[in-house]
Amino acid sequence: LNQLGYPWNLCLVEANGEPTIYISEYSNQRITAWKSDSGDGMVAAGGKNQGDRTDQFNGPANVLIDERRNCLFIAEQGNRRVTCWPRALPNRRVHGDVVISEIDAWG
């Protein structure tokens with residue numbers, strides 16, 4: 001988890017004075033979260049190989065954070081969709097909910 005696979009986009013959020021960077025990794029099919037004082041990231045979403053199930057990604061190109069809902073919105077180029085994932089559960093294998101489908105989801 002200390003190496004990125006074709007990082008495409010990042011998003012920064014600060015909670016309780018602690019910044020966290022979320023990075024979409026296009027080749028690793030995951031979103032990683034990096035705390036400011038850590039040398040290793042945590043899987044925040046995906047990471048279960050390439051696929052089209054709701055717990056998998058195919059080319060995650062962009063990640064945005066909705067702090068009010070405490071979730072991540074992820075645009076997937078390969079699956080042509082945008083999914084919403086809970087943000088409070090890093091390193092736990094959950095799934096995302098498809099919120100938009102059949103689009104060119106680059107960002």
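At 31% relative accessibility, Asn70 counts as partly exposed, a class that lies between buried (under 20% relative accessible area) and exposed (over 50%), computed with a 1.4 Å probe on protein chains only. Asn70 sits in the loop between strand 5 and strand 6, and although it is not a glycine, its phi is positive, at about 55°.

Arg80 belongs to the loop between strand 6 and strand 7. With a relative accessible area of 32%, Arg80 is partly exposed; this residue, not a glycine, has a positive phi of about 55°.

## Basis of the values

This is a predicted model, in which local features need pLDDT of at least 70 and side-chain atom pairs count only at pLDDT 80 or more, whereas totals for chains, interfaces and linings use all residues. Residues are numbered from 1 along each chain as its sequence is written, and side-chain values use heavy atoms, with hydrogens and water left out.

Strands here are DSSP runs (E, at least two residues), numbered from the N terminus, and two of them pair if DSSP finds at least two bridges between them. An open sheet with antiparallel pairing is formed by four strands in the order 5-6-7-8. Its edges are strand 5 (60–66) and strand 8 (97–101), each of which pairs on one side only. On average, neighbouring strands of this sheet are turned by 25° against each other, direction ignored, where axes are lines fitted to C-alpha atoms and angles run from 0 to 180 degrees between N-to-C directions.

Within this sheet, six bridges pair strand 6 (residues 71–76) with strand 7 (residues 81–86) in the antiparallel sense, and Phe73 has Cys84 as its bridge partner in strand 7.

Another open sheet has four strands in the order 1-2-3-4, with antiparallel pairing. Strand 1 (7–15) and strand 4 (42–46) stand at its edges with a single partner strand each, so one side of each has no neighbour in the sheet. From one strand to the next, the twist averages 25°. Strand 2 is joined to strand 3 (residues 30–35) by six bridges, and the two run antiparallel; Trp34 in strand 3 is the bridge partner of Ile21.

## Ser24 in strand 2

Ser24 lies in strand 2 (residues 18–25) and counts as buried because its relative accessibility is 0%. Not counting residues up to four places away in sequence, Ser24 touches residues including Tyr6, Trp8, Arg30, Ile31, Pro60 and Val63, contact meaning heavy atoms within 4.5 Å. Ala61 is also among the residues touched by Ser24, and the Ser24 side chain reaches the backbone oxygen of Ala61 at 3.4 Å.

Notes
A polar contact is a pair of N or O atoms within 3.5 Å; within protein, one must be able to donate a hydrogen and the other to accept it, and residues adjacent in sequence count only if both atoms are side-chain atoms.
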